[in-house]
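Here is a short briefing on one protein chain. Look over the sequence and the fold before reading on.

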Amino acid sequence: MISGGHKMTARISGLFCCRNDLNLTLVNEESDVTGLIGFTNMQLQEIHQNSLMSMVLVRYRDELRQELSEQLECCDEVETSFPVNCKDGTVKWLLCRGCRVTDPEGREYLTGVLVDITRSQQKYDAQKKTLEQCQIILSQTENVVFEWDCIKDTISFSRAWEKVFGYAPSMTGVVGVLNNGVTFHPEDVKQLMKQLHYMQEGKAYQTVDIRIMHVRGEYMWCRLRATGIYDDSTGKLLKIVGVIIVIEDEMKATMALQKRAEHDSLTGLLNAKTTRKRAEEYLAERGEEKCALLVIDLDNFKQINDRFGHMHGDAVLVRVAETIRKHFRSQDIVGRIGGEEFMVLIKDVSDVGLIHRRCDQLIEAMHDIYKGAMQDIVVSCSIGAVMAEYEEKTYSQLFALADQAMYQAKEQGRDRYVFCESV
């Protein structure tokens with residue numbers, strides 16, 4: 001821009017001095033403000049009457065006056081930012097840093113520097129707009145968004161938590177949330193802690209399926225996807241952000257398929273493959289916990305099939321399976337491992353007498369399956385039992401001992417059990 005024979009160049013900062021009045025009237029004749037906004041001194045006088053406030057966008061003026069007044073009540077220094085209209089029609093954001101001074105006659109002035117911060121302000125406005133858009137999207141989604149500040153151990157959830165689960169979330173931090181015994185299913189806490197440990201080691205992205213308590217008192221299956229944010233210099237985990245997605249329907253369908261794959265279609269007990277797998281997993285992790293393995297085989301089952309037919313034989317197997325299931329706890333492993341052969345792994349056995357009582361009770365219960373209904377059918381079984389104490393034993397070793405004891409029961413006349421000494 002050419003004016004008065006001098007070339008005006010754009011500047012990013014300039015000194016200013018103005019009266020401490022409502023108009024912020026500029027008093028210096030050669031104000032550096034001209035280089036920031038493109039007006040000459042003459043144009044400043046003619047168009048804005050040397051008023052800095054006159055150049056500020058109208059909707060920001062009252063806010064600027066109030067902010068300056070509040071700052072000057074506390075001290076003589078001011079720092080604020082505001083948008084101004086430039087000669088070319090654009091808007092610039094200026095950062096004002098200055099102080100209050102008083103002349104000998106008692107008149108107050110503000111003097112300092114104005115810095116062009118338009119680019120940084122535009123970037124901030126863009127980020128703010130993006131954040132507002134994200135917040136709008138998040139408010140409309142049914143998924144729960146969370147953020148954990150690892151340093152402060154404070155955790156926050158989006159409003160969707162209350163919509164999904166029916167109650168306000170806990171904000172006591174990760175340790176508190178994990179250990180309150182309510183929010184997350186107790187069986188899933190160990191897995192959550194393992195994923196957290198992985199993230200602390202630098203594995204930034206983790207996904208885990210967990211159960212979260214609903215206000216109705218039942219747990220809902222959810223998929224938790226989390227991403228870690230780390231310090232660039234130290235690699236320390238600073239934050240974990242992620243989303244919680246309800247997968248109740250998906251999990252029910254998956255569990256139904258898994259149940260079909262893991263359970264015997266006739267009796268509903270675990271099938272042979274799953275029985276062995278779960279027993280091996282338990283034995284590998286049991287530590288010093290005592291356990292017992294029972295092999296149960298029906299006596300003379302072939303005669304039942306030959307006399308009454310396979311359909312009736314299947315009905316007998318179903319009743320036998322129900323009887324066996326009733327005599328053991330839900331945490332014990334109960335499966336059908338052959339045509340008329342079953343296996344039970346009893347966890348956490350504190351007393352060897354318990355094994356003897358269970359075997360006696362099971363043999364008596366078999367006699368009662370058709371008691372008073374079909375006198376021609378007498379159901380009995382032979383049981384081989386072995387107890388594992390502190391020594392490490394594999395599934396194959398325990399099963400071989402129990403199976404051998406079961407055949408000894410057969411040889412001794414059936415309808416009884418043989419207990420193998422502790423191993």
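Predicted model: local features only at pLDDT ≥ 70, side-chain atom pairs only at ≥ 80, totals over all residues.

Residues are numbered from 1 along each chain as its sequence is written, and side-chain values use heavy atoms, with hydrogens and water left out.

**Overall make-up**

- The protein chain holds 14 helices and 16 strands. Helices (H or I, at least four residues) and strands (E, at least two) are DSSP runs, numbered from the N terminus.
- Of its 423 residues, 41% count as buried. Buried means under 20% relative accessible area, exposed means over 50%, and partly exposed lies in between (1.4 Å probe, protein chains only).
- Among contacts in the protein chain with a separation of 6 or more, 56% come from residues 24 or more positions apart. Contact means heavy atoms within 4.5 Å.

**Nonpolar cores**

- The largest nonpolar core has 33 residues. Such a core is a set of buried Ala, Val, Leu, Ile, Met, Phe, Trp, Tyr and Cys residues joined through side-chain atoms within 4.5 Å.
- Leu294 and Ile324 have the most contacts inside this largest core.
- At least two residues of this core come from each of β12 (291-298), α11 (301-308), α12 (310-326), β14 (341-346), α13 (352-367) and β15 (381-388).
- The element that gives the most to this core is α13, with six residues.
- Which residues does Ile324 contact, leaving aside its neighbours within four places in sequence? They are Ile296, Val334, Phe342, Val344, Leu362 and Met366.
- A second, separate core has 26 residues, including Cys150, Phe184, Leu196 and Leu224.

**The four-stranded sheet**

- Four strands form an open sheet in the order β3-β6-β5-β4, with antiparallel pairing. Two strands pair if DSSP finds at least two bridges between them.
- The edge strands are β3 (13-19) and β4, and each pairs on one side only.
- Neighbouring strands of this sheet are turned by 30° against each other on average, direction ignored.
- Seven bridges join β3 to β6 (residues 108-116), and the two run antiparallel. Cys17 stands opposite Thr111 in β6.
- Helix α4 (residues 58-74) packs on the sheet and touches β4, β5 and β6. Its direction makes about 170° with that of β4.
- In a regular strand, side chains alternate between the two faces of the sheet.

**Two hairpins**

- Strands β4 (residues 77-85) and β5 (residues 91-102) run antiparallel and are joined by nine bridges. Phe82 stands opposite Leu94 in β5.
- Five residues lie between β4 and β5 in their hairpin. In the turn, Gly89 has a positive phi of about 90°.
- Nine bridges also link β9 (residues 205-213) to β10 (residues 219-230), again antiparallel. Met213 stands opposite Tyr219 in β10.
- The β9 and β10 hairpin has five residues between its strands. Gly217 in this turn has a positive phi of about 95°.

**A helix pair**

- Helices α10 (residues 272-285) and α14 (residues 395-411) pack at an angle of about 115°, with their axes 9 Å apart. Axes are lines fitted to C-alpha atoms, for helices over the stretch in contact, and angles run from 0 to 180 degrees between N-to-C directions.
- That angle makes α10 roughly perpendicular to α14. Angles of 65 to 115 degrees count as roughly perpendicular, under 35 as roughly parallel, over 145 as roughly antiparallel, and the rest as oblique.
- Arg276, Ala279, Glu280 and Leu283 in α10 meet Tyr395, Ser396 and Leu398 in α14.
- The residues of this contact divide into four nonpolar, one polar and two charged. Ala, Val, Leu, Ile, Met, Phe, Trp, Tyr, Cys and Pro count as nonpolar, Asp, Glu, Lys and Arg as charged, and the others, Gly among them, as polar.

**Single residues**

- Most residues other than glycine have a negative phi.
- Arg414 has a positive phi near 65°, and Asp415 has one of about 55°.
- Arg414 sits in the loop between α14 and β16 (417-420). Asp415 is also placed in the loop between α14 and β16.
- Arg414 is partly exposed, at 35% relative accessible area. Asp415 is partly exposed, at 32%.
- Glu364 lies in helix α13 and is partly exposed, at 48% relative accessible area.
- Glu364 and Ser380 are 16 residues apart in sequence and 8.4 Å apart in space, C-alpha to C-alpha.
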